[in-house]
Amino acid sequence: MDYAKLALDAHAKWQGKIDIVSKPVLKTASDLAVAYTPGVAAPCLEIAKDPETSFTYTGRSNLIAVVSDGSAVLGLGNIGGLAGLPVMEGKCVLFKELGGVNAIPIVLNVQEVDQIVDAIAAMEPSFGGINLEDIAAPKCFEVEHKLQERMNIPVFHDDQHGTACVVLAALINALKLTHKTKEEAKVVFSGAGAAGCAIAKLLVDYGFKNIRQCDLQGMITPENAANEMQKELALRLNPNSETGTLKTALKNADIFIGVSKGGLVDEEMIASMNQDAIVFAMANPIPEISPELAKKAGARVVGCGRSDFPNQINNVLIFPALFRGVLDAKATRITESMKLAASEALASLITEEELTDDYVIVDALDPRVKDVVSKAVAKAAQEEGVIRA
């Protein structure tokens, strides 16, 4: 099927994937007076007295912005904000359809960290949350950190944390199947960009103890790290500066997580891993190793980013439901405990009796995800006290 042609035809027909629908019905002068002037002055004055009432008298309580500078759009690279707009519109559709969250796509024509931060921070009064999208590493780390410091609404970089949460959920179930433990399992990464660093950090927070992170040159050490995030992780994960190639790192490994480049891993490398190996090769559209070859080489649980293979690692399983929970809880930020709660809730949708090698993560459109994950996230936010008074 020619999805490129189908998509072009559909996008030309849609001319935008989202519409604005008015709630008020304007049929009389009285309707107009309540929805607009003079009646609208009343909520304006209430908000002027107490800014928190903006979440009662406006749409902020269920409205987020999906913001990108277009510097890392899908696998297309730095094509700019305008060319990335169809992706941001699509993301807004997913937020609405899968989480009931209203979302507005916003693309920027600036790409410097401080310019991005200033532009997004200035929009805070309009939204209840910010979802950062397709911003290249390493600047995405700095952008997110600075916005979290400046803004009093949740800021979430989905490419990092959404992917991390889904990977952890799938790993929780894969560990049950293979009878491996997070404390003892050796994890090897290929990829140390936005997703790779976020996944590694979340696994450490969950309790994984033995992790090696590789880029295209090999294992990352505190000395050869390309940026501060990589250095920080290397100091935690590889304090003795162990060196070697990805092939070396994979010997006697239990888990491989690929978020890098297609075709980097061969059958020999998978065969060198421990028995009942777990392989999540998520480079798109071509995985680090094809699921068929990984299985042939001896891997037991195999997942990738594509929908035409079992165990699809798709961040759509997290971001709509997570933001639903964040907004419902009136959270002011998204914490590690909220991400962990999202992962555990997502994993729980598959019972131990249902688990199989080809079913460690639910389908991307599983209708149960929204309620189960959002409630877990909201509960974690309340327990941690990161909610508006």
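Let's start with a pair of residues: in strand β10, Gly 303 is the bridge partner of Phe 280. On terms, strands are DSSP runs of E with at least two residues, helices are runs of H or I with at least four, and both are numbered from the N terminus. Two strands pair if DSSP finds at least two bridges between them.

Before going on, a word on where this comes from: it is a predicted model, in which local features need pLDDT of at least 70, side-chain atom pairs count only at pLDDT 80 or more, and totals for chains, interfaces and linings use all residues. Residues are numbered from 1 along each chain as its sequence is written, and side-chain values use heavy atoms, with hydrogens and water left out.

Back to our strands. They sit in an open sheet of six, ordered β7-β6-β5-β8-β9-β10, with mixed pairing. Which strands stand at the edges? They are β7 (218–219) and β10 (301–304), each with a single partner strand, so one side of each has no neighbour in the sheet. Helix α9 packs on this sheet, touching β8, β9 and β10, and its direction makes about 160° with that of β9. Contact here means heavy atoms within 4.5 Å. Axes are lines fitted to C-alpha atoms, for helices over the stretch in contact, and angles run from 0 to 180 degrees between N-to-C directions.

Now to the other sheet I'd like to show you. This open sheet has four strands in the order β2-β1-β3-β4, with parallel pairing. At its edges stand β2 and β4 (155–157), each with a single partner strand, so one side of each is left without a neighbour in the sheet. On average, neighbouring strands here are turned by 25° against each other, direction ignored. Strand β3, residues 129–132, pairs with β4 in the parallel sense over three bridges, and Ile 130 stands opposite Val 155 in β4.

Next, a pocket. On a 1 Å grid over the protein atoms alone, a pocket is an open set of points where a 1.4 Å probe fits, with protein on both sides within 12 Å along at least five of seven lines; lining residues have an atom within 4 Å of a point. The second largest pocket is lined by 20 residues, with Ile 20, Val 21, Ser 22, Lys 23 and Asn 102 nearest its centre. The elements giving two or more residues to this lining are α6 (85–99) and β2 (102–107), and α6 gives the most, with four.

A few backbone details to look for. The peptide bond from Thr 37 to Pro 38 is cis, with omega near 10°; Pro 38 is in the loop between α2 (29–35) and α3 (41–49). Another cis bond runs from Ala 137 to Pro 138, with omega near 5°, and Pro 138 is in the loop between β3 and α8 (139–150). Asn 252 has a positive phi, near 60°, without being a glycine.

Finally, stepping back, the chain contains 17 helices and 10 strands. Its C-alpha trace spans about 75 × 45 × 40 Å along its principal axes.
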